[in-house]
Amino acid sequence: MFGLFFKAEVYSDFINRSPDVLELKEQEQRAINFLRSRYQRPLQYSPDLTEKEGSKIHLGKKLFFDPRLSNHNKISCSSCHNPQKGWGDDLPRGVGFSDETLLRRTPSLWNVGWGKRFFWDGRATALEGQVVGPLFSKKEMNAVPFETFMDRLKFKAPEYENLFEKAFRTKQAFTLRNLTLAIAEFEKTIVSDRTVFDEFIEGNDQALTLQQKRGFLLFNSSRTQCSSCHSTWRFTEDAFHDTGILADNRSPDFGRGGFYRDSKWNFHFKVSSLRDVSSRKFFMHDGSFSTLEAVIDFYNRGGDVDRSKERNVASQIRPLGLSEEEKEFLKYFLQTL
Ligand code: HEC
Ligand code: HEC
C-alpha cells in the first residue's frame with residue numbers, strides 16, 4: 001500500500017518554494033496524471049439500481065419524506081437526512097423521537113448506494129436491512145410495536161396499498177420487506193453532483209487552481225497518507241480505523257469494538273466519505289469539530305489520544321509537520337469535492 005505514495009522528495013523543496021511560483025514541476029504534473037485513474041467516477045448512474053425512475057423509486061421517495069412512518073407522525077427519514085442540509089441535519093449529533101440527543105452525528109447519505117457497510121460502526125451490511133434500524137429505534141422514529149406497524153401505516157395512509165401494488169406489480173405487495181426495498185431503491189438515487197474535481201480528474205488541468213492541485217498532491221503524499229484511508233472517487237472504501245479522537249470518559253462510544261464486542265476494534269469508526277465535505281457544519285462521528293481547519297489541525301498534531309492508553313490508533317496518525325500554507329492547500333482541495 002505504501003509503495004503507492006509519492007516519495008517525500010516531491011515535497012521537500014515544494015515546502016520551501018515561494019508561493020508565487022505559478023506552475024507545478026514536471027514531476028508533480030506526472031504524479032497528477034498517474035493519480036487520475038484512481039479517482040474516476042463510475043460510469044453507471046448508481047449501483048445495481050433496477051430502474052432509474054419508475055414507481056419503486058417514487059414510492060421510496062414518498063416513504064422517505066413521510067412523517068406518518070413514525071409513531072407520533074412527526075419524524076421522517078428526511079427530518080434527519082435533509083436534502084437541503086446535504087442529506088444530514090447540520091447538528092453535532094442527531095436529535096430523535098423525544099428530542100433526545102443521539103450518541104452519534106447523522107451521516108450524509110450522498111452516494112450511499114455504493115456503500116459496503118452502514119452506520120459509523122458498520123453494523124448493517126445492506127441498505128435494505130439498514131432501514132428497519134431507525135424505523136423501530138425507540139430513540140429515532142419509534143414505530144413500535146413492530147408487529148402491527150404495517151397495519152397502522154395502512155390505517156394512517158391508505159393510499160400506500162395501491163402504490164405498493166403498482167411498484168411491485170403484484171397483489172399483497174404491502175409488506176415491510178417491500179417498504180425497505182423501496183426506500184433503499186430511492187436512497188440509491190442520492191448521488192453527489194459532479195464537481196470541478198471530477199472535471200480535473202477527467203483531464204481538464206484548468207479545472208483546479210494551483211493551490212487546490214497542491215492540496216491534492218499533499219493528500220496523496222507519503223507525508224500525510226490521507227489517501228491510504230480516504231481512497232477512490234467516494235474517498236472511502238468503508239474500512240474502520242481509530243484516528244485518535246478523544247472518547248467521553250464517562251460513557252465512551254466504542255464504535256466497531258462495541259458492535260463486535262472485541263476490544264481490538266474499540267474506537268474504530270467508518271472512514272467518512274469526503275464528497276461535499278465542505279458543506280458540513282460538524283465533523284467526525286461525534287460532531288466534535290466544527291470546521292475543516294479544526295479537522296486538519298487535528299490530523300497535523302497526530303490525533304488527541306495518548307497511544308499508550310489502550311488505544312489502537314492507526315499508524316498513519318502521527319504529527320505531520322504541515323506548514324500553515326500546506327494546511328490551507330489541503331483545505332482548498334477538500335473544498336473541490
Ligand atoms: C433521528 C434522526 C434520524 C432519523 C429519523 C433517521 N436517521 Fe438515518 N441516521 C441517523 C444517525 C444518527 C445515523 C448514524 C447512526 C450510527 O452510526 O449509529 C444514521 C445512519 C443512517 C444510514 C447509514 C449511512 C452510512 O453512511 O453509514 C442510513 C443509510 C440512514 N441513516 C438512512 C435512514 C433512513 C432510510 C431513515 C428512515 C427510515 C433514517 N435514516 C432515519 C439519524 C437518523
Ligand atoms: C487511518 C485512516 C485515516 C487517515 C490516514 C486519514 N483519515 Fe480522515 N477519517 C478517517 C476516519 C475513520 C474518519 C471518521 C472518524 C470518526 O468520525 O471517528 C475520518 C474523518 C475525516 C474527516 C471528517 C469527515 C466528516 O464528514 O466528518 C475529514 C475532513 C478527514 N477525515 C480528512 C482527512 C485528511 C485531510 C487526512 C490527511 C491529513 C485524513 N483524513 C487522514 C480515517 C483516516
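1. Let's start with a pair of helices: H3 (residues 54-64) and H9 (residues 176-187) pack at an angle of about 95 degrees, and their axes are 7 Å apart. That makes H3 roughly perpendicular to H9. On the wording: angles under 35 degrees count as roughly parallel, over 145 as roughly antiparallel, 65 to 115 as roughly perpendicular, and the rest as oblique. The axes are lines fitted to C-alpha atoms, for helices over the stretch in contact, and angles run from 0 to 180 degrees between N-to-C directions. Helices (H or I, at least four residues) and strands (E, at least two) are DSSP runs, numbered from the N terminus.

2. Before going further, a word on the model: it is a predicted one, where local features need pLDDT of at least 70 and side-chain atom pairs count only at pLDDT 80 or more, while totals for chains, interfaces and linings use all residues. Residues are numbered from 1 along each chain as its sequence is written, and chains are lettered from A and ligands numbered from 1 in the order in which they are written.

3. Back to H3 and H9. Which residues of H3 meet H9? They are Lys56, Ile57, Leu59, Gly60, Lys61, Leu63 and Phe64, and they meet Leu179, Ala182, Ile183, Glu185 and Phe186 in H9. A contact here is two residues whose C-beta atoms, placed from the backbone, lie within 7 Å. By class, this contact has eight nonpolar, one polar and three charged residues. For the classes, Ala, Val, Leu, Ile, Met, Phe, Trp, Tyr, Cys and Pro count as nonpolar, Asp, Glu, Lys and Arg as charged, and the others, Gly among them, as polar.

4. Next, look at H11 (residues 210-219), which is mostly covered: eight of its ten residues are buried. Buried means that 20 or more other C-beta atoms lie within 10 Å of the residue's own; with 12 or fewer it is exposed, and in between it is partly exposed (C-beta atoms are placed from the backbone). Among the buried residues of H11 are Lys213, Arg214, Phe216 and Leu217. Helix H2 (26-35) and H14 are what the buried residues of H11 pack against.

5. H11 and H14 pack at an angle of about 100 degrees, with axes 7 Å apart, which makes H11 roughly perpendicular to H14. From H11, the contact uses Gln211, Gln212, Arg214, Gly215, Phe216, Leu218 and Phe219; from H14, Glu326, Phe329, Leu330, Tyr332 and Phe333. Seven of these residues are nonpolar, three polar and two charged.

6. H14 (residues 324-334) also packs against H13 (residues 292-300), at an angle of about 130 degrees and with axes 10 Å apart. That makes H13 oblique to H14. Leu292, Glu293, Ile296 and Asn300 of H13 make the contact with Lys327, Leu330, Lys331 and Leu334 of H14.

7. Now the ligands. Around ligand 1 there are 25 residues, and Cys77, Cys80, Gly94, Phe119 and Pro134 come nearest. A residue is near a molecule if its C-beta atom, placed from the backbone, lies within 6 Å of it. Helix H4 gives the most to this shell, with three residues. The shell has 16 nonpolar, seven polar and two charged residues.

8. Ligand 2 is surrounded by 26 residues, the closest being Cys226, Cys229, Phe269, His285 and Ala314. H13 supplies the largest share of this shell, four residues. By class there are 16 nonpolar, nine polar and one charged.

9. The loop between H4 and H5 deserves a look. Asparagine 111 sits there and has a positive phi of about 60 degrees although it is not a glycine. Is asparagine 111 buried or exposed? It counts as buried, with 24 C-beta neighbours inside 10 Å. Valine 112 lies in the loop between H4 and H5 too, and is buried, with 21 other C-beta atoms within 10 Å. Leaving aside neighbours within four places in sequence, valine 112 is in contact with Leu127, Glu187 and Ile190.

10. Phenylalanine 235, in the loop between H11 and strand E1 (240-241), has a positive phi near 65 degrees. Valine 144 and proline 145 are joined by a cis peptide bond, with omega about -5 degrees. Most residues other than glycine have a negative phi, and most peptide bonds are trans.
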